[in-house]
Amino acid sequence: MASNSSSRPGTRPTRRAASLRVLTAVLVLASVLVPMRARTQTDVRTGIKASGTVKAPLLLASFRGGGAAQDAHDVARHDFDLSGVFAVADVEPLAKKLEPDPGAQGAVRVEGMVEASGDGFQFTGEVFDLATAESMFKRSYPFHRADVRETMHRFADDVLEALTGERGICETKVAFIRSTGRVKEVWVMDYDGLNPYQLTHDRSLALSPAWAPWGTELVFTTYKRGNPDLYLFDLRRGASYPFSTRPGPNIAPCYSPDGKWIACSLYRDGNAEIYLISRDAQTAKRLTRNPRIDSGPCFSPSGDQIAFSSDRSGSPQIYVMDGDGVNQRLLTQEGKYNDSPRWSPKGDRITYAARHDGIFDVVVMDANGQRPFQITSGAGHNENPQWSADGRKIYFSSTRSGRRQVYMMNADGSDVVQLTRGDECFNPAAGPRPKRPGVSRAG
């Protein structure tokens, strides 16, 4: 590791240029390999298996320092490995100055050091472009021993942002439903399934949690008062309170991107229709009007469109409408049963669950309904797809191991990782990235 470390330095032009070279090399490699993958895929009707994501080589050196160094290394390795961006290999720390290797285009090397600092530690991480031997990223992080996991999550996300322009999801949380007998409660865990904890203790049925854009509030359906009502859970206060308790089911909630509205399905007119309810619960706008079931609304990232499922054509299909309910149109062209649409963070794709031959699988299509392809197959029912905040991952529930559990995979269906075990778990909801100080939420 170079010795001219400084805390959170600005990005120099040389580092920015090196980052662009690595990113360009990865994109060139992807442009060669992705068409090969596409040619191996058939359309959604027959089912396909993803062939894997193109990854950039990352050499991760053992971190120098004491016992905390090994813990820090283990967390960083886990994060880089799960990123879906890097193919990670373990190496020894540099013993001499790194020499350029022009044949290693697109490959990086990560060095790290943990030193004692005051009553805690300081971690310094540095990333090198192997082709040029130039330093691309260097940053120091003070931390206490109990915070090593959180600190390394931040480092991994910083490296991903520096190298790809898109921050990772290591600092995000995932809400889900855990079922024990007749009781279903909302739980929350880290992005990788670690540190799960129970959020609600209602001894009732909870379903469909969804995160507020500011990340400290969830909306969910609960039967705690008999009727399926919508409640908000404030994570800072550790308490929930009623949001919509209208007669009949209040289900399938989803926040607008600005957090000012919650779209949901209400039965207030004797039939499931999609409504917008202001977050102060004072205003409700009806968006759909037809005698069939409309449910599962999901905002586009810009907030000007809403995808939803409806059986108005005779079987559940994915539709989309403008944010005020006009211009409703069918989106899915394949399959007889398509449900649970979720818009990607960039707005270019939609994932949903499709039933074929009595089995549900996860499908991803362009936001205009074109090019649907199935990314799960041959492994039980696969439902409840949800994009991660960076759009690189999809969380979903699956019965592939017997009991329903929550899994995570790359957006092409590769690198499937089981996140929950034991009691039945489903309805994953990926949270937003943490807000930085000074960023206020919508009222």
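**Exercise 1.** Is Asp 190 buried or exposed?

*Solution.* The model is a predicted one. A residue counts as buried when its relative accessible area is under 20%. For Asp 190 the relative accessible area is 6%, and Asp 190 is therefore buried.

**Exercise 2.** Identify the salt-bridge partner of Lys 173 and locate both residues in the chain.

*Solution.* Lys 173 pairs with Asp 190, and their closest N and O atoms lie 2.6 Å apart. Lys 173 belongs to strand 6 (residues 173-180), whereas Asp 190 belongs to strand 7 (residues 183-190); the two residues are 17 apart, and the pair links distant parts of the chain. Lys 173 has a relative accessibility of 33% and so counts as partly exposed.

**Exercise 3.** Describe the salt bridge between Arg 167 and Asp 158, including the burial of each partner.

*Solution.* The closest N and O atoms of the pair are 2.7 Å apart. Arg 167 has a relative accessible area of 11% and is therefore buried. Asp 158, at 6% relative accessibility, also counts as buried.

**Exercise 4.** Characterise the pair formed by Arg 404 and Glu 424.

*Solution.* The two side chains meet in a salt bridge with an N to O distance of 3.2 Å. Arg 404 lies in the loop between strand 26 (393-398) and strand 27 (405-410), while Glu 424 lies in strand 29 (residues 424-430), 20 residues away. Arg 404 is partly exposed at 22% relative accessibility, and Glu 424 is partly exposed at 24%. Elsewhere, salt bridges with shared partners connect Arg 139, Asp 158, Glu 161, Arg 167 and Glu 171 in one network.

**Exercise 5.** How many salt bridges does the whole structure contain?

*Solution.* A search of the whole structure finds 27. The protein chain has 443 residues, of which 51% count as buried, and its secondary structure consists of three helices and 29 strands.

Terms used
Residues are numbered from 1 along each chain as its sequence is written. This is a predicted model: local features need pLDDT of at least 70, side-chain atom pairs count only at pLDDT 80 or more; totals for chains, interfaces and linings use all residues. Side-chain values use heavy atoms; hydrogens and water are left out. Helices (H or I, at least four residues) and strands (E, at least two) are DSSP runs, numbered from the N terminus. Buried means under 20% relative accessible area, exposed over 50%, partly exposed in between (1.4 Å probe, protein chains only). A salt bridge is a side-chain nitrogen of Lys or Arg within 4 Å of a carboxyl oxygen of Asp or Glu.
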